[in-house]
Amino acid sequence: MTTVLLPSSIALSPTLPDGVRTATYDVDQPVPDDLLDAEALVAWGNSTAQLADAARRMGRLCWVQTLAAGPDAVLTAGFAPHVEITSGRGLHDGPVAEHTLALVLAAARRLPELVRAQDQHRWAAELGGMQRLPHEGGEFRSLSGARVLIWGFGSIAARLAPLLTVLGAQVVGVASRAGERAGYPVITPAEVPQALPGTDVLIGILPATHATRRALDAAVFARLPRHAWVVNVGRGSTLDEEALLAAIAGGRIAGAALDVFETEPLPPSSPLWDEPRVLITPHAAGGRPVGADTLLTDNIAAFERGEPLRNVVRR
Ligand SMILES: NC(=O)c1ccc[n+]([C@@H]2O[C@H](COP(=O)([O-])OP(=O)(O)OC[C@H]3O[C@@H](n4cnc5c(N)ncnc54)[C@H](OP(=O)(O)O)[C@@H]3O)[C@@H](O)[C@H]2O)c1
C-alpha cells in the first residue's frame, strides 16, 4: 500500500487508485512517527524547518509534490537526490495573472497616489480632470500602446500576456531560450539590455534560482526610461531591492509594484514601506492552487503506475 501524505493547510480530495491511501499531516509540526514511512509527500505552506525535518526523517520518501508554482522551498529543504520533485506549475496562473494585471493598472492609473491623497481628504487635482492623451508619451498612464517586457515568460506569463494585449499593450517575453511562445515574441536575457530603453513596464515572473538571483538590478533599472514602472511577482531574490529603491528615489524610474520580497514578511524597518511610489502587496498574487486535486489525481496515478509525473522539476 502506497501512502501519500496530504498537508493540513488545504482541503484536498484527489481520486485514488487501488493500493493508495492518504493521511493528513500538520504542516506546522514534524511528520508524526507513524507516518514517516510514507512514499509521497504533498507540501503547501510548510515551514522551512518542517520540510528540512521531513527530508531528514522520511527514509522511504520517493516523491514530493509541492502545490507552489515555485519549487524553491522544496528544492532547498535537503531531500535526497533520488526523491522526485514536482511543482504546482499551472495551478496559480489565473490568480497571479489577475493580481499582476491589478498591479500594472494601479501603476498606470496612479492608484497608490490617489489612495494616499484620499487618506488626507485631498482632491488630487493633478491626477484628475483633463489629462494628456496616452499617445503623448513621456509617462506610463495607460496600457494602450504600452510596451511591456515580461521577464520569466512561462505558464503565468502565458495567461497574463493576453490580458495585457486586450488592453492594447505590446508584450515581449524573456526566457532562457528565444523564440515564440503562446503567440508572443520571446528574447533571451542577453538581449534584455537592448529592449529596456523601449520598455514602459518591466514585469518579473522569474523563479528563484542561482541564475536569476538579482537579475533585476541597478544596470537594468538604469536602462529603463524615466517613466517606466517595475512590477515583481516572481520571487524577491530576483530583484535588488536596494538598487530599485535608489532608482525610484533618484527619479531614474517612476515606481514599482512588488508582491514578493527578499525577506518575507517584509520587515517593518524596510525603507520600501515609506517610498510613496512603491506599491506593496504581501505575497498575495497566488496562494490559491486552482486545480490541485486534478494534478494530484493525475500524478498519484502516474506514480503508482511508474509513469512520468506532470511538472517534474529538474534538479
Ligand atoms: N507572487 C506569487 O504569489 C507567486 C505565485 C506563483 C508563482 N510565483 C513565482 O512565479 C514563478 C514563475 O511561475 P510559472 O508558473 O510561470 O513558472 P514557469 O512556467 O516555470 O516559468 C518560468 C519562466 O522563467 C524563465 N526562466 C527561468 N530561469 C531563467 C533565467 N535564468 N533567465 C531567463 N528566464 C528564465 C523560464 O524560461 P525557460 O522556459 O526558457 O526555462 C520560464 O519562461 C515561480 O517560480 C514562482 O517563483 C509567485
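**Surface patch and aromatic pairs**

What we are looking at is a predicted model, in which local features need pLDDT of at least 70 and side-chain atom pairs count only at pLDDT 80 or more, while totals for chains, interfaces and linings use all residues. Residues are numbered from 1 along each chain as its sequence is written, and side-chain values use heavy atoms, with hydrogens and water left out.

Leu-105 sits in helix α3, residues 93-108 (helices are DSSP runs of H or I with at least four residues, strands are runs of E with at least two, and both are numbered from the N terminus). Together with Val-166 and Leu-167, Leu-105 forms a nonpolar surface patch with about 260 Å² of accessible area.

Let me turn to the aromatic rings. How many aromatic pairs does the structure hold? There are two, where a pair means rings of Phe, Tyr or Trp (its six-membered ring) with centres within 6.5 Å, and planes under 30 degrees apart count as stacked, over 60 as edge-to-face and the rest as tilted. The rings of Trp-63 and Phe-303 have centres 5.0 Å apart and planes at 35 degrees, so this pair is tilted. Because Trp-63 belongs to strand β4 (residues 63-66) and Phe-303 to helix α9 (residues 292-305), the pair ties together parts that are 240 residues apart in sequence. Trp-63 counts as buried, at 1% relative accessibility.

The rings of Phe-153 and Tyr-184 are also a tilted pair, because their centres are 6.0 Å apart and their planes at 50 degrees. Both Phe-153 and Tyr-184 are buried.

Technical notes
Patch = residues over 30% accessible without salt bridge, like charges linked within 9 Å, V, L, I, M, F, W, Y side chains within 5 Å. Areas by Shrake-Rupley, 256 points an atom, 1.4 Å probe, with all protein chains shown as cover. Salt bridge = Lys/Arg side-chain N within 4 Å of Asp/Glu carboxyl O. Buried < 20%, exposed > 50% of the residue type's maximum accessible area, 1.4 Å probe, protein only.
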